[in-house]
Amino acid sequence: MPTKKKPQVTATRKPAAAAARARRRELLGTAAEVFAEQGYNATTVRKIADHAGMLAGSLYYHFDSKESMLEEILRTFLDELWDGYDTVLAAGLGPRETLEALVTESFREIDRHRAAVAIYQKESKQLVAQERFGFLAESQRRFEKAWLATLERGVAARVFRADLDVRLTYRFVRDTVWVAASWYRPGGQHSPEEIARQYLSMVLDGIAVRT
């Protein structure tokens, strides 16, 4: 008797799985834009579904709630941000070069995750009170520690001015970098690297030691 051929399960599952992941990323991108534009509290699952061109019930096939969508959006952004930051911090650069690399990496993240950055800026103060979003507070602590340490190292090495209030300087640099998410649009006239270069040119003229 002829033997039955086994179904090609693996061959068919891989494209389907890839398509599902791509669709999930697409839906998260849509949700991020809606959250950023309308605010998290004002956004409903139905609004996200409408922007995605699907029924609200179909969206629940991919996500169990808008909270799940927001958590994944923010975790993805922060995971990528810290992959870049950790690489910079482990590179053994001088304090000025470290600051330059951190600023450049920040603008790259704004380019990749502009909507997520905007959400983070607007919503994090309220979200950190929820246990589900406790990772935001931890990321904020790590962020502050990395930037303060870089500035303090620069002052100690006489690369940055000794009269700087490093905490005030940190807040200035942090806020002026991330506020770019409110106006930056991918594919514009300037690349993230070019924006970072011009930004650093303005900032470092104010904090670098004059020779």
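Q: Why is Asp205 called exposed?
A: Its relative accessibility is 55%, and exposed means over 50% relative accessible area, with buried under 20% and partly exposed in between (1.4 Å probe, protein chains only). So Asp205 counts as exposed. Asp205 lies in helix H9 (residues 192–207), where a helix is a DSSP run (H or I) of at least four residues, a strand (E) one of at least two, both numbered from the N terminus. The C-alpha atoms of Asp205 and Val177 are separated by 16 Å, with the two residues 28 apart along the chain.

Q: What kind of model and numbering are behind these values?
A: This is a predicted model, where local features need pLDDT of at least 70, side-chain atom pairs count only at pLDDT 80 or more, and totals for chains, interfaces and linings use all residues. Residues are numbered from 1 along each chain as its sequence is written, and side-chain values use heavy atoms, leaving out hydrogens and water.

Q: Is Arg158 buried or exposed, and what makes it so?
A: At 72% relative accessibility, Arg158 counts as exposed. Arg158 lies in the loop between H7 and helix H8 (166–178).

Q: What makes the phi of Arg158 worth a look?
A: Arg158 is not a glycine, yet its phi is positive, about 60°. Most residues other than glycine have a negative phi. Gly53, which follows H2, also has a positive phi, near 70°.

Q: How do you know that the buried residues of H2 share a side?
A: Val45, Ile48, Ala49 and Ala52 are buried in helix H2 (residues 45–52). They cover an arc of only 100° around the axis, which puts them on the same side of H2; the arc is that of the directions from the helix axis to the C-beta atoms. Arg46 and Asp50 are exposed on the other side.

Q: Why are H5 and H7 called roughly antiparallel?
A: The axes of helix H5 (residues 95–112) and helix H7 (residues 134–156) cross at roughly 150° and come within 8 Å. Axes are lines fitted to C-alpha atoms, for helices over the stretch in contact, and angles run from 0 to 180 degrees between N-to-C directions. Under 35 degrees counts as roughly parallel, over 145 as roughly antiparallel, 65 to 115 as roughly perpendicular and the rest as oblique. H5 and H7 are therefore roughly antiparallel.

Q: What makes H4 roughly perpendicular to H6?
A: The axes of helix H4 (residues 66–89) and helix H6 (residues 114–127) come within 11 Å and cross at roughly 115°. That makes H4 roughly perpendicular to H6. The contact (heavy atoms within 4.5 Å) is made by Leu70, Ile73, Leu74, Phe77 and Leu78 of H4 and Ala116, Val117, Ile119, Tyr120 and Leu127 of H6.

Q: How many residues of the contact of H4 with H6 are nonpolar, polar or charged?
A: There are 10 nonpolar, no polar and no charged residues. Ala, Val, Leu, Ile, Met, Phe, Trp, Tyr, Cys and Pro count as nonpolar, Asp, Glu, Lys and Arg as charged, and the others, Gly among them, as polar.

Q: And why is H4 called roughly parallel to H7?
A: The axes of H4 and H7 cross at roughly 25° and come within 11 Å. That angle makes H4 roughly parallel to H7. The contact includes Trp82 and Asp86 of H4 and Phe143 and Trp147 of H7, and its residues divide into 10 nonpolar, two polar and four charged.
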